[in-house]
Amino acid sequence: NVMFKPSTEQNKILRDIKRAIMTKKKSTVLISGEKSTGKSSVGRLLSSSVMNDKMYADCIVIEDMTLSSPMVSVNNFLEINKPSEDLFVIMVLNEIEGAWEKTRELKTMPNFCHADDKTTMNNLLDYLADTEHIAVIFTTNSPVGELENEFPEYTKNARIEIKTTFKNVVA
């Protein structure tokens, strides 16, 4: 249960995500911004909003996950917490550019969330973008435009449909 009021920026992105959920039953989002702008808390706010609006019977949020952590398996997580008409899954994947940079390294990393090179990262992003009853929130401190220039294959609209920048520090 979230005990704080969303900022104006958080409210706007929550409206955009919920609109996508209502029309497509899913959403992929990239939120850029400096530290303390409230990017990572959007997942919890979305969960409260989804439950308050009775959009789903249950909602689970996984936070503080980075795709560049060894032994992180998105696939395993989604096997255990299967998104469905009754269960909405929200994944907050922080500092996404770290994972994207690692896919450019020549050596493969064992147990790297099934996305240790460009092909498997593309496959993972497509899988997340195509899965219903899920919202994936990627966060970054880098500007959106910078990531779009550096990682056009990962940031294209078919993979990440909503992109925004938070400018204001949340009190």
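Predicted model: local features only at pLDDT ≥ 70, side-chain atom pairs only at ≥ 80, totals over all residues.
Figure 1. Phi of His-133 is near 65 degrees, a positive value in a residue other than glycine. Most residues other than glycine have a negative phi.

Figure 2. Helix H2 covers residues 42-52, and because eight of its 11 residues are buried, the helix is largely enclosed by the rest of the structure. The buried residues of H2 include Val-42, Leu-45, Leu-46 and Val-50, and Gly-43 is on the list as well, together with the serines Ser-47, Ser-48 and Ser-49. An α-helix has 3.6 residues a turn, so residues three or four places apart point the same way.

**Figure 3. Thr-139 in strand E4.** Thr-139 lies in strand E4 and is buried, with a relative accessible area of 3%. The side chain of Thr-139 makes a polar contact, at 2.7 Å, with the side chain of Asn-94. When the neighbours within four places in sequence are left aside, the residues in contact with Thr-139 include Val-92, Leu-93, Asn-94, Glu-95, Ile-96 and Glu-97. Ile-31, Lys-39 and Ser-40 are also among the contacts of Thr-139.

Figure 4. A polar atom of the Thr-140 side chain lies 3.0 Å from the backbone nitrogen of Ser-142. Leaving aside neighbours within four places in sequence, Thr-140 is in contact with residues that include Leu-30, Ile-31, Ser-32 and Gly-33, and its other partners include Lys-39, Ile-96, Glu-97 and Leu-147. Ile-31, Lys-39, Ile-96 and Glu-97 are therefore in contact with both Thr-139 and Thr-140, by the 4.5 Å limit on heavy atoms.

**Figure 5. Aromatic pairs around Trp-100.** The count of aromatic pairs comes to five. In one of them, the rings of Trp-100 and Phe-138 have their centres 6.4 Å apart and their planes at 45 degrees, so the pair is tilted. Trp-100 lies in helix H4 (residues 96-102) and Phe-138 in strand E4, so this pair ties together parts that are 38 residues apart in sequence. Trp-100 is buried, with a relative accessible area of 0%, and Phe-138 is buried at 1%. Trp-100 also forms a tilted pair with Tyr-154, in which the centre-to-centre distance is 5.4 Å and the angle between the planes is 40 degrees. Because Tyr-154 lies in helix H7 (residues 152-155) and Trp-100 in helix H4, the pair ties together parts that are 54 residues apart in sequence. Tyr-154, like Trp-100, is buried.

**Figure 6. The largest pocket and its lining.** The largest pocket holds about 210 Å³ of space and is lined by 13 residues. Those that lie nearest the centre of the pocket are Lys-35, Ser-36, Lys-39, Ser-40 and Asn-141. By class, the lining has nine polar and four charged residues, and no nonpolar ones. Lys-39 and Ser-40 are also among the residues in contact with Thr-139.

**Figure 7. The chain as a whole, as context for the close-up views.** The chain has seven helices and five strands, and from the N terminus on its elements run α-β-α-β-α-β-α-α-β-α-α-β. Of its 171 residues, 51% count as buried. Among the contacts in the chain with a separation of 6 or more, 78% are accounted for by residues 24 or more positions apart.

How values were computed: Residues numbered from 1 in each chain as written. Heavy atoms only, no water. 1 Å grid on protein atoms, 1.4 Å probe; cavity = no way out; pocket = protein on both sides within 12 Å on 5 of 7 lines; lining within 4 Å. Points joined across faces, edges and corners; volume = space filled by probe spheres on them. Nonpolar A, V, L, I, M, F, W, Y, C, P; charged D, E, K, R; others polar. Polar contact = N/O pair within 3.5 Å; in protein donor to acceptor, adjacent residues only side chain to side chain. Phe/Tyr/Trp six-rings, centres within 6.5 Å; stacked < 30°, edge-to-face > 60°. Helix = DSSP H or I, 4+ residues; strand = E, 2+ residues; numbered from the N terminus. Buried < 20%, exposed > 50% of the residue type's maximum accessible area, 1.4 Å probe, protein only.
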